[in-house]
Amino acid sequence: MPIDIETFESSGEDRLTAGGETNAERVMHFLATNPDKAFTQSEIRDSTGVKAGSISVVLSRLEDRDLVRHKGNYWALGSSDDIAAYVDTLESTRAANDRFGEEDMDKWLEHAVEDEDHE
């Protein structure tokens with residue numbers, strides 16, 4: 001499905017691959033459709049198409065945000081409260097991006113205030 005040139009120009013590479021889903025979104029979607037099961041890292045990788053070199057980083061970052069749980073070799077969806085907060089944030093971000101366009105990190109950094117050491 002084609003996208004408009006503005007979306008092409010303003011979107012990061014992650015956003016333009018795999019149907020616009022990030023690797024984290026793909027993992028979360030897979031686990032959310034199987035909330036009563038836990039999976040090994042390789043099962044999640046095979047089911048989501050996330051590359052072998054990325055899956056452990058994705059799962060670790062999701063675990064850091066309490067969106068997934070990890071025990072032994074298995075991974076499962078996190079608590080419903082944490083998932084609800086994640087979905088709300090994701091939907092709000094998408095709505096803002098659709099309305100105003102995605103943020104250009106390079107432009108943002110041009111105006112960011114640098115930390116200075118105060119003694």
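Q: What should I know about the numbering and the cut-offs?
A: This is a predicted model, so local features need pLDDT of at least 70, side-chain atom pairs count only at pLDDT 80 or more, and totals for chains, interfaces and linings use all residues. Residues are numbered from 1 along each chain as its sequence is written, and side-chain values use heavy atoms, with hydrogens and water left out.

Q: OK, how many helices and strands are there?
A: The protein has six helices and three strands. These are DSSP runs numbered from the N terminus, with at least four residues for helices (H or I) and at least two for strands (E). The pattern along the sequence is α-α-β-α-α-β-β-α-α.

Q: And in what order do the strands sit in the sheet?
A: The order is β1-β3-β2, in an open sheet with antiparallel pairing. Pairing here takes at least two DSSP bridges between two strands. β1 (39-40) and β2 (68-71) are at the edges with a single partner strand each, so one side of each has no neighbour in the sheet.

Q: How many bridges hold each pair?
A: Two bridges join β1 to β3 (residues 74-77), with F39 opposite W75. β2 and β3 have four bridges, and V68 has L77 as its bridge partner in β3.

Q: Switching to the core: which residues touch the most other members?
A: In the largest nonpolar core, which has 18 residues, they are V27, M28, L31, I44 and L62. A core here is a set of buried Ala, Val, Leu, Ile, Met, Phe, Trp, Tyr and Cys residues joined through side-chain atoms within 4.5 Å. The elements giving two or more residues to this core are α2 (23-32), α4, β3 and α5 (80-100), and α2 gives the most, with five.

Q: What does L31 touch, leaving aside its neighbours within four places in sequence?
A: L31 is in contact with F39, I44, V68, W75, A76 and L77. Contact means heavy atoms within 4.5 Å.

Q: How much of the protein counts as buried?
A: 23% of the 119 residues. Buried is under 20% relative accessible area, exposed is over 50%, and partly exposed is in between (1.4 Å probe, protein chains only).

Q: Is T48 buried or exposed?
A: T48, in helix α3 (residues 41-48), is buried, at a relative accessible area of 11%.

Q: What does its side chain do?
A: The T48 side chain reaches the backbone oxygen of I44 at 2.8 Å, and one of its polar atoms lies 3.3 Å from the backbone nitrogen of V50. A polar contact is a pair of N or O atoms within 3.5 Å; within protein, one must be able to donate a hydrogen and the other to accept it, and residues adjacent in sequence count only if both atoms are side-chain atoms.

Q: Last one: how many salt bridges?
A: The count is one, between the side chains of R45 and D46 at 3.2 Å, N to O. The rule is a side-chain nitrogen of Lys or Arg within 4 Å of a carboxyl oxygen of Asp or Glu. R45 is partly exposed at 26% relative accessible area, while D46 is exposed at 58%.
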